[in-house]
Amino acid sequence: MRSAVFFLSAAILLQELCLLRVLAQAYWHHAASLVIAVALLGFGVAGTLLALAPRLRRAETTAACALFYALSIPATLLLAGLVDFNVLEVGWAPSQWLRLLALEAVFFVPFAIGALGIAVALAIHADRPGGVYAANLVGSGVGALAAPLLLGTGPPEESLGFAVAAAALAAVFLLHGYWRLLALAPIAVVLIWGVPGLPMSPFKSLPAAPDKIIEETRYGPMGRVDRAEVPSLHHAPGLSLMAPRYPADQAGIYLDGDLVAVLDRGATDYREHTVDHLARLLSRGRPTQLGVGPVVDRHGRVIEANPDLLTAAGHDAPAMAPRAYLAEPGRSGGLFHAVPDGNTATVTPL
């Protein structure tokens, strides 16, 4: 039972963290954060169901929950793909709230099934729950530690395949005979068909960019980073209306489909007519830029927490959070060129 609880707990935490990345890529981070609430609701409902139906306190229930949980992960992503949810319309289209509710209900199912399996295991060993509870905690920690490593190997839906495998192994430890072969069915499904992903919202910058050529795509625990050539891209925030020159050939850097920075591949003399040029003048042409974006200076220093963004921007500096950089001793003064860092804004001391 302890081995089963260990693998089932690891699968649940791994799925929860991978779903954050799946939904952030598809619908922005606003909808992704609701995964945490849905997971907690699943555990609450599982405990209530077990209290109302004490006959479920059998090892067979945990085995069945592990098996159905493994099968439900790819199934819920298939169903979620059918929900035409657009987070940009929730302010004026009441139907989008219903679609959001349907989306959360779809992802609620596997969490409730997996939580019921763990709750039953704890209830069976209620007289001495220490061993099962320890397996639950260690398994959850292993799943949380494995998620960042797996998310750096490819798309987040591929990482969900490991959650399916872990849940299937949990069922294997509780079943016997030919039933163990049945428990391996979810693994076979993932190996043959894979775990489906969710399409990225067409309203994001990357899908909406016309005639784009994606040059590089990197996946990591901090998001999907793309570098794409877009002929129509001419990005120069703070450019004077009286500027005699404009940006020409540029490549866009996208984080989860949103444009966060551009790389100039042509002449950069237009920057002399931007507000940011003041920072270059006062820092003798080499300002320290806090975060990648909106226009990356190849000759300056960039402090960025996401290593994939640094690589896409052509910088080989070690990744470092801007706030941690500013908190270093002796960093109280100086001139910093502050830019958006992900979804936050960096405070700039002068």
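**Note on aromatic pairs and nonpolar cores**

1. The count of aromatic pairs comes to three. Rings of Phe, Tyr and Trp (its six-membered ring) pair if their centres lie within 6.5 Å; planes under 30 degrees apart count as stacked, over 60 as edge-to-face and the rest as tilted. This is a predicted model, in which local features need pLDDT of at least 70 and side-chain atom pairs count only at pLDDT 80 or more, while totals for chains, interfaces and linings use all residues. Residues are numbered from 1 along each chain as its sequence is written, and side-chain values use heavy atoms, with hydrogens and water left out.

2. Phe7 and Phe173 form a stacked pair, at 5.6 Å centre to centre and 15 degrees between the planes. Phe7 lies in helix α1 and Phe173 in the loop between α7 and α8 (178-183), so the pair ties together parts that are 166 residues apart in sequence. Helices (H or I, at least four residues) are DSSP runs, numbered from the N terminus. Phe7, with a relative accessible area of 24%, is partly exposed, and Phe173 is partly exposed at 42%. Buried means under 20% relative accessible area, exposed over 50%, and partly exposed in between (1.4 Å probe, protein chains only). Ring pairs link Phe6, Phe7 and Phe173 into a cluster.

3. The rings of Tyr27 and Phe85 form an edge-to-face pair, with centres 5.3 Å apart and planes at 70 degrees. Tyr27 belongs to helix α1 and Phe85 to the loop between α4 and α5, so this pair ties together parts 58 residues apart in sequence. Tyr27 is buried at 6% relative accessibility, and Phe85 is buried at 7%.

4. The largest nonpolar core has 51 residues, of which Leu8, Tyr27, Leu77, Phe85, Phe107 and Leu198 touch the most other members. Such a core is a set of buried Ala, Val, Leu, Ile, Met, Phe, Trp, Tyr and Cys residues joined through side-chain atoms within 4.5 Å. Helix α1 gives the most to this core, with twelve residues. Apart from this core lies another, of twelve residues, among them Ile253, Leu255, Leu263 and Leu309.

5. Leu8 is found in helix α1 and is buried, with a relative accessible area of 1%. Beyond its neighbours within four places in sequence, Leu8 is in contact (heavy atoms within 4.5 Å) with residues including Tyr69, Ile118 and Ala170. Leu8 and Ala170 are 162 residues apart in sequence, yet 5.7 Å apart in space, C-alpha to C-alpha.

How values were computed
Helices (H or I, at least four residues) and strands (E, at least two) are DSSP runs, numbered from the N terminus.
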